[in-house]
Amino acid sequence: MFDQLSRPLDYAEQLLVRFAALARSRDNRELQQGLAEAAGALSGSALSQLYLLDVTHTQLNLTAQWRDGRSCSRDGGTLSSDYRDQQLLQYCLTQNRPLHIDDLHGSLYQTDFLPADAGQWRCLTCLPLQDGEQHVSGLLLLAGRAGQAFQAYEESLQLLGNFTLQQLQLLQHNQPASPPLPAVTPSTALARSYGLIGESTAMQRVYQLIGKVLHNPVTVLITGETGTGKELVARAIHDYGSRRSENFVVQNCAALPEHLLESELFGYRRGAFTGADRDYAGLIASADGGTLFLDEIGDMPLSLQAKLLRFLQESEVRPLGSNQTRRVDVRIITATHQDLQSMVSKGLFREDLYYRLTPFPIRLPPLRERGEDIALLALRFADEACRFLHRSPCRWGEGTLQQLSSYSFPGNVRELKGMIARALLLCEDNLLLPEHFNLPADNGPATGMNLRDRLELVERNLLLDCLQRNQGNQTSAAQELGLPRRTLLYRMQRLNISPADLRTRERHHVQPGQ
Ligand SMILES: Nc1ncnc2c1ncn2[C@@H]1O[C@H](COP(=O)(O)OP(=O)(O)OP(=O)(O)O)[C@@H](O)[C@H]1O
C-alpha cells in the first residue's frame, strides 16, 4: 500500500494518527471536515473535497472542503451540487472506480465543481467511498495546481474515507429521531409511495404503475420533463422489486461520446483499442441479476441503438475486441425527456428499438400538473435540509407556502429542492419568508420551454458564435473553447449544428462583437 511513497513509515504513522482522531470524533461535521483535512495533509494536495450522497442517493452534496491548509466548507454559500451534471463525479460514483487526471486542460470532463482559482487546477484524483453496507455513498476528491501523482495515496485514503463514512453511519444510528413534521400527517398513501413524495392523483397513478412492474422484468420507459423524478422512479422499481439485492447501474447516454459509451456498456478486452490496458466487463455485465438504468436514451447514437437492440433480443454481451459472448440477466429501465415517437418519425431513433423499450411506459407529471404536491415536497425537503445542516426544524411565514405553490417550476422538483436549500441559508431565525425564494413576479409558462431546452439554446448559440468567429474552423473553435475537437464535434452533433446553420446565421446576423 505504501510502496510508491518516499517515506512510507512516516506516512503510515501519520495515517494512524488521523484514523485515531476520526475514531474519537462524535460530531458529523467535525468528522467530515476531519477527513477532508486529513486527505489534504497526507497527500499534500492543495485542495481536498468530500462529497456525500443524500438519503435518496440522487443528490450529491459537497460537505467538507480543505484548501491551502485551511478548512473552507462555507466558502461558496451553498455547497450542494446536482451530480448528474458533473460527469466526472457521476462516473466515479456509478462505476465505483477511482479516476486520476494528470492534465485537466486536455481532459474531456467539466470540472466546474472545483473552486475558482487564479492558479488553475492541473491534476485531480477522485476516489469513490463506501459505507458500512458496501454501498458507494460518497467521493473524496484531491486536486493540485502542479503535476502531482496522487495515485500513491489512493488505497490508504480510500480506507480512511470508508472508515469515516462508517463512523458517520454509527453516529446517525445513535441520534434521537427528528421531531414529526408540522402540518403534514403521514397518510397511508405515503406508505405506498416507494420513497417518493406526492399525494396528488397524478402521482397515485405513478405509484400504481410502479407496483405493477416490481416483480416482473418487463422493460420500462420513464418519460417526463427534466427534474420530475425519473431516476428516482427507476431506483424505486429496483429497490422495492425482486432484484434489490443486486446491482443498480446507471448510465446517462448523453454523458459520453459514442465510442466511450459503447465500451462502457459492452466492455472491452485488453488491447481492443489504444488505451485499453486491461479487460473491462462493462456496465451491462456488471448489472447481471440487477437493473441497468439508461438515462437520456433519446441521445443514444443510432449505431449503438442497433447494438442495444441486439442485446435486448439475445440477452448476450460481447466485449469489444472479444469473440466470446456472455449471457446476462439484466432488467433494462430507460428514461427520456424527449418525444421518442416523433424522433422515430424523423429517423433519429430506431423504430424496432422504440417498440422494444416501450411495453410499459410511465409518464411523470411536471410539477405544474400537481400543484397540490408542492407544499408537501417543500415541507419534506426543508425538514431534510434542516437535519442535514444540524438545525432545528424551520418555520414557515404566512403566505410563503401558498406563494411557492403558485409558481410553475420549469425545473420541476429539482428546482424546488434547490430553492428550499438556498432559502434555508438565506433566512434568519429559521423562519422562511416569501422573499427568501426569489420568485419572479410573473411566472407564467410564457416561453413554453423548460430549463433543459433553455440551457441547450444557450449552448447552441454559444457554439455557433464561436464557430462563426473562427470562420467555421472546428479546430480553432475547439481551442478557443478549451475543448478537445472530438468533444466539440460531439456537442455539435447533439445540438444538431450543421455547416448550413452557420451559413444561415452568417446571412442573418452581424458578426459577434460588432
Ligand atoms: N416525487 C419526488 N419525491 C422526492 N424527491 C423527488 C421527487 N421527484 C424528484 N425528486 C428529487 O428531485 C431531484 C431530481 O430528480 P431526478 O434526478 O430523479 O429527476 P429526472 O427526471 O431524472 O431529471 P433529469 O431529466 O434531469 O435526468 C432529485 O434530487 C430527486 O431526489
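The conversation below takes up sheets, helices, single residues and the ligand in turn.

Visitor: What kind of model is this?
Guide: It is a predicted model.

Visitor: Let us begin with the sheet. Which strands form the open sheet, and in what order?
Guide: Five strands make up the open sheet, and their order is E9-E10-E13-E8-E14. The pairing is parallel.

Visitor: Which strands stand at the edges?
Guide: The edges are taken by strand E9 (248-252) and by E14. Each has a single partner strand, so one side of each is left without a neighbour in the sheet. From one strand to the next, the twist averages 20°.

Visitor: How should I read the side chains of a strand?
Guide: Side chains in a regular strand alternate between the two faces of the sheet. Strand E8 (residues 220-223) provides a case: Val220 and Ile222 lie on one side, Leu221 and Thr223 on the other, and all are buried.

Visitor: Which strands are joined to E8?
Guide: E8 is joined by four bridges to strand E13 (residues 331-336), and the two run parallel. Within this pairing, Leu221 stands opposite Thr334 in E13. Four bridges also join E8 to strand E14 (residues 360-363), again in parallel. There, Ile222 has Ile362 as its bridge partner.

Visitor: How does strand E10 pair with E13?
Guide: Strand E10 (residues 291-295) and E13 pair in the parallel sense, over four bridges. Leu292 is found opposite Ile332 in E13.

Visitor: Where may I see antiparallel pairing?
Guide: Please turn to strand E6 (residues 123-130). Strand E5 (residues 99-101) pairs with E6 in the antiparallel sense over three bridges, and Ile101 stands opposite Leu124 in E6. On pairing with strand E7 (residues 136-144), E6 is again antiparallel, over eight bridges. Here Gln130 stands opposite Val136 in E7.

Visitor: What do E6 and E7 form, and how many residues lie between them?
Guide: They form a hairpin, with five residues between the two strands. In the turn, Gln134 has a positive phi of about 65°.

Visitor: Is strand E6 mostly covered or mostly open?
Guide: E6 is mostly covered, since seven of its eight residues are buried.

Visitor: Let us move to helices. How do the axes of H1 and H4 lie relative to each other?
Guide: One reads the angle between the axes together with their separation. For helix H1 (residues 8-24) and helix H4 (residues 154-174), the axes come within 10 Å and cross at roughly 10°. That angle makes H1 roughly parallel to H4.

Visitor: Which residues meet in this contact?
Guide: From H1 come Leu15, Arg18, Phe19, Leu22 and Ala23, which meet Ser156, Leu160, Phe163, Thr164 and Gln167 in H4. The residues of this contact divide into six nonpolar, three polar and one charged.

Visitor: At what angle do H2 and H4 pack?
Guide: Helix H2 (residues 28-43) packs with H4 at an angle of about 175°, the axes being 10 Å apart. H2 is therefore roughly antiparallel to H4. Among the residues of H2 in this contact are Leu31, Leu35 and Leu42, while those of H4 include Leu157, Gly161 and Leu171. This contact comprises nine nonpolar residues, five polar and no charged.

Visitor: Why does Phe19 count as partly exposed?
Guide: The count of neighbouring C-beta atoms decides the matter: a residue is buried at 20 or more within 10 Å and exposed at 12 or fewer. Phe19 has 16 C-beta neighbours inside 10 Å and so counts as partly exposed. Phe19 belongs to helix H1. Leaving aside neighbours within four places in sequence, Phe19 is in contact with Leu160 and Phe163. Phe19 and Phe163 are 144 residues apart in sequence, yet 8.1 Å apart in space, C-alpha to C-alpha.

Visitor: Which residues come nearest to the ligand?
Guide: Of the 20 residues around the ligand, those coming nearest are Ile197, Gly229, Lys230, Glu231 and Val413. The elements giving two or more residues to this shell are helix H7 (230-239) and helix H15 (412-426). By class, the shell divides into four nonpolar residues, 10 polar and six charged.

Methods
Residues numbered from 1 in each chain as written. Predicted model: local features only at pLDDT ≥ 70, side-chain atom pairs only at ≥ 80, totals over all residues. Near = placed C-beta within 6 Å. Nonpolar A, V, L, I, M, F, W, Y, C, P; charged D, E, K, R; others polar. Axes fitted to C-alpha atoms, helices over the stretch in contact; angles between N-to-C directions. Parallel < 35°, antiparallel > 145°, perpendicular 65-115°, else oblique. Contact = placed C-beta atoms within 7 Å. Pairing = 2+ DSSP bridges.
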